[in-house]
Number of protein chains: 4
Amino acid sequence: MSWNTFGRVLRFTTWGESHGPAIGAVVDGCPPGLELAESDIQPFLDARKPGQSRYTTQRREADEVRVLSGTFEGRTTGTPIALQIENTDQRSKDYSQIANTYRPGHADYAYDAKYGLRDYRGGGRSSARETAMRVAAGAVARLVIPEVEILAYVAEIGGDAIDPAAFDAEEIARNPFWCPDAEAAKRWEASVDAARKAGSSLGAVVECVATGVPAGWGAPIYAKLDADLAAAMMGINAVKGVEIGDGFAAARLSGEDNADPMRPAQDGSGPRFEANHAGGIAGGISTGQPVTLRVAFKPTSSILTPVESVNRQGEAVEVSTKGRHDPCVGIRGVPVVEAMMALVLADHRLLHRAQCGA
Amino acid sequence: MSWNTFGRVLRFTTWGESHGPAIGAVVDGCPPGLELAESDIQPFLDARKPGQSRYTTQRREADEVRVLSGTFEGRTTGTPIALQIENTDQRSKDYSQIANTYRPGHADYAYDAKYGLRDYRGGGRSSARETAMRVAAGAVARLVIPEVEILAYVAEIGGDAIDPAAFDAEEIARNPFWCPDAEAAKRWEASVDAARKAGSSLGAVVECVATGVPAGWGAPIYAKLDADLAAAMMGINAVKGVEIGDGFAAARLSGEDNADPMRPAQDGSGPRFEANHAGGIAGGISTGQPVTLRVAFKPTSSILTPVESVNRQGEAVEVSTKGRHDPCVGIRGVPVVEAMMALVLADHRLLHRAQCGA
Amino acid sequence: MSWNTFGRVLRFTTWGESHGPAIGAVVDGCPPGLELAESDIQPFLDARKPGQSRYTTQRREADEVRVLSGTFEGRTTGTPIALQIENTDQRSKDYSQIANTYRPGHADYAYDAKYGLRDYRGGGRSSARETAMRVAAGAVARLVIPEVEILAYVAEIGGDAIDPAAFDAEEIARNPFWCPDAEAAKRWEASVDAARKAGSSLGAVVECVATGVPAGWGAPIYAKLDADLAAAMMGINAVKGVEIGDGFAAARLSGEDNADPMRPAQDGSGPRFEANHAGGIAGGISTGQPVTLRVAFKPTSSILTPVESVNRQGEAVEVSTKGRHDPCVGIRGVPVVEAMMALVLADHRLLHRAQCGA
Amino acid sequence: MSWNTFGRVLRFTTWGESHGPAIGAVVDGCPPGLELAESDIQPFLDARKPGQSRYTTQRREADEVRVLSGTFEGRTTGTPIALQIENTDQRSKDYSQIANTYRPGHADYAYDAKYGLRDYRGGGRSSARETAMRVAAGAVARLVIPEVEILAYVAEIGGDAIDPAAFDAEEIARNPFWCPDAEAAKRWEASVDAARKAGSSLGAVVECVATGVPAGWGAPIYAKLDADLAAAMMGINAVKGVEIGDGFAAARLSGEDNADPMRPAQDGSGPRFEANHAGGIAGGISTGQPVTLRVAFKPTSSILTPVESVNRQGEAVEVSTKGRHDPCVGIRGVPVVEAMMALVLADHRLLHRAQCGA
């Protein structure tokens, strides 16, 4: 219930602009006694860090996180955990053009319309740089749900999808695209590179699977697990669509094909589902199956190809963005999607415990 | 921030089960002085009401809304508005089978796993009957944003989509499918009827457009207008996917094709957009273009065709749902989608005024 | 975080005006499986009910509560619990004078200033009738904390205080003042009667003690148990002051006199406190001692004695309230104070479980 | 609705421990376009800063605030404002005794009971050092309500009260006690010094008056202006009581003596009140009169005089606190009370605008 805070019981608040002195997050409501050091967070930030291949922006940020509060002798104390990253690569460039121009696809005009002014340096608050703090907060959230394993990957770039039959989880970390299909990764090398060279950009679809979520997390009616996940994902920069389980494909199935039949579990521990069209959620509550979702990222809006626009004076201009930008912003969205999944699940894990005691 | 409450400043709370004595909603935070009578709400409920064609459930509910508080001499007073509908058609049937059986695709198992018990009569709280109160609350929300016009319709049933070229807004209310394409509506008559007779069901895609939303509503970073809309829509019963603007199709466009070029407005009132791939939202804030979204409804889970399941004792059973059910639940989702759109926009209209004073 | 909703995890929303058709509450977030029937709530409403002695208002309301949702086969289901009371004694009187006049001490002018209109019948939403729903919701909250016993009583009327040495808990229910000191109760018979006959009114101080609260409930920094209790109590109609433990008297003690020394508990179960100046709360968190507080009720604002005022046209008038009113509104505040104590403690019990798992 | 966040629309979140590297606050929801520099905040922090006289703790902190986000070219942008202060005077002392001992009157035992561990260095999160960030956030809140003037002062120390007839607002800043009565200030020099030398401490009562608050701020029923103020004040470290207007004294008045008569304003601008027993609030909504309240601070718990206690092993110990402590913690509470008043009023100013548009 707020502008820059997310969550209900486990909440985090982020602050900071792309070109300010620092960005930060405050994670509140975290259970006490969890082991937490900066080294638990840094690997997730490193995974998101720009400048690691020619397929992502060449901006270079150390992205070294500091934990400024909320831990004592290596463990969380139950008080707010302040995380902070200094901005180190703020090129002192001339922002006069962007200051006066509305870049198509960006929040420039919308911010001006809302606030009457904006910090235009690098997009200010609307920069995807903010997502670094989601990743950091997500690393804390993971500690709250050690029983859950979260895996995200890119399933499609520019309309070119992976072959599900070729899915290999080990492959994901081996290529610069978080791609579980080695063949697709090779194709994407060519297509992303081509887009970059052409001054264009590509969209992507990211999939995320959380295994180990027990049945019973989530809450009707307006804190449904899928509704909270939808908000979490749709709020990531450049995201335009979210599907739970089969998503839009479910709208094309018959009722009997979409049903997830249940059979007795061999160990007597409740039903064993024979399909997972539902993506592990029914009535807003987890069923014990893997929670699965898909997220659509639009192509990066910052492109070299000129696009028609207007300036603050309402005059016609052409915008061509020459900075250091991701040719496919969805790639670096993978750790962010994982982080938001972790944050929603951890929040619901605590919510469930509040009401139901388990 | 709660289980059965939605919204930030304009909030509503719903209560009630499918087969309890009544269902209700409390709308809080509504501006004072708005003209409000039951007749402002009833038409929207009538639009959602079951039993109006053979393409929807034959359950018959009068769905007559009463306003129990919050108005005086025909106007809102600024205090909470209690809305209530008595449940009249609660057939006294034998629920012993459903009481003991988990219906696939329903929330039965998830509720039991969470709460250890459930009101199984007609789905209890998880019944789509709850959405009647969203529609009622949405009618109040509309009064808060008289400048906005909201139109939803069914764009696809069972994979058979409308022809955008044949779009006719006047057609929507003329057929039982809220279909803007007369030809498609005819085809759906056949397909929905066939599904019903076969004891099967079909999914649907609903589109919604809100025109008249000024630039500046919404809020970064965790109250983005699109994120709130995603939560609102994904939380509707049977919804599995949400797209803003081009949604997943945007992930297949190049950056230059996805850009929404701006040109000077002829009246000098800010930019005129030459496309709307973004669906009227940038950086989580409205741009002044129509706000557009698409929602995927899965096929009705209650079908006559038997599906494998288990009972509470963990034994294998077959479930065949014989009750009165919608062969395509997405059809009756149309007024619900409109209501949630109205509620999110009205909430953000007040939020914007809180921070920015306009 | 809302106008008519109270609580963080266990929340309740109330609605209704003094002279509308009904008043109600929706209790959300209640744990499932608790035995709950209307008979668990009714005794608390009966305790608050007007018209039971000549020391309280002669308005007669049956105040029969109905549970409209959230239970099944006698137990809570974890879904929202709707409570409702019909207003039966709405005398059809002439409200033209009050409609146009601002009664001193009442919310009349403030509501008009805020909303531009108000439901003036019996005070509308600002009537203490709303507190009936707090009492009803509080009865539900008590079920969440069965280990806690809550006792409130009147400690002072019109400046005439009980003798702590004469405290007898059994006496409280034996007199119409909820007075634990039989001698004081006798004196109050005379003083309250005199005030009533004189067309005047008296203030009161209510004390409340909750025993059985374990150490560890509450939360720094802005959800402190004492801060939440302060809000809960100050929000009751006619309340002007709240003290935790020694309250203002603590400001007159030396540090050593105000300290609550600790000694080893004989059973090794943590410290045994040798005093309770703190009222059972330190740093916003319960210490395991009884939680104690005091609440100041101003004298009833509705009095027969004329008071100078103005009308909506800004003209000078005299106001003399002739209706049926409590000569000492603090008396009927006792069950309301108990209810708010229960609601705050139950909420924090669940909050504590969310974060700390116990 | 959270642990370390305060407010509904204008919200702030604080973090940090007494002896961590820094403390901070994030202020969210602030209107855009307000002029804000560090120099707008620093004077308020300087007023609260320790070590300025021998009547407050000798801990020396520069308390230099940095604004790390949310402003651009000297004005607020509407995005979160991060405020930060480095802790500079963290004496590396031996904390082994306090680590193992529960100091009476402190949160030591309560934190351990809740969390199972605590940062014992200087009280960690429960240290009054946290209030520095309230003061910083309050300075931002003041910018939101430029029409309001807030004045707090000490009205009583150790039971020795000021003479209202001797009230001189100009005197407040002239003595180290924020005392508006020069004679009282002189007496307090002696009494506070005596307490300090005796290893004891004194309590205090702080009064606060906000003038310029228009009629109409606040909200029934659970966001009443007085209830929010009560929570804000009771949540300040060492506060045990809050009174609005006449507070407990009102409970000793007759109805006619407690009434605030109204007469026509000479300029026709609504009623002119002839008294202010109500403290400027009726029905939870401001009346246009000055908002007045009183806050009771207990004597500092950290005293040299030994007090009986137990250690973590449950053994009997004596605690004598030798550190640098305020002999009367209420004195330094004055800027904190002002800050919380500003924060509550600013929040309600925006809330009122959200619902009522003004």
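**Aromatic pairs and charges over rings**

D:F177 and D:W188 are both buried (under 20% relative accessible area, with exposed over 50% and partly exposed in between; 1.4 Å probe, protein chains only). The model is predicted, with pLDDT of at least 70 needed for local features and 80 or more for side-chain atom pairs, while totals for chains, interfaces and linings use all residues. Residues are numbered from 1 along each chain as its sequence is written, chains are lettered from A and ligands numbered from 1 in the order in which they are written, and side-chain values use heavy atoms, without hydrogens and water.

**View 1. The ring pair D:Y153 and D:F167.** Rings of Phe, Tyr and Trp (its six-membered ring) pair if their centres lie within 6.5 Å; planes under 30 degrees apart are stacked, over 60 edge-to-face and the rest tilted. The count over all chains is 36 aromatic pairs. In D:Y153 and D:F167 the centres are 5.0 Å apart and the planes at 75°, so the pair is edge-to-face. D:Y153 is buried, at 6% relative accessible area, whereas D:F167 is partly exposed, at 35%.

**View 2. The ring pair D:F177 and D:W188.** The ring centres are 6.0 Å apart and the planes stand at 90°, so this pair is edge-to-face. D:F177 and D:W188 are eleven residues apart.

**View 3. A cluster of A:F6, A:F12 and B:Y222.** These three residues are linked by ring pairs.

**View 4. Lysines over tyrosine rings in C and D.** A charge sits over a ring if NZ of Lys or CZ of Arg is within 6 Å of the ring centre and within 35 degrees of the ring normal. C:K114 lies over the face of C:Y115, 5.8 Å from the ring centre. The charged end of D:K114 is placed over the ring of D:Y115, at 5.8 Å from its centre.

How values were computed
Helix = DSSP H or I, 4+ residues; strand = E, 2+ residues; numbered from the N terminus.
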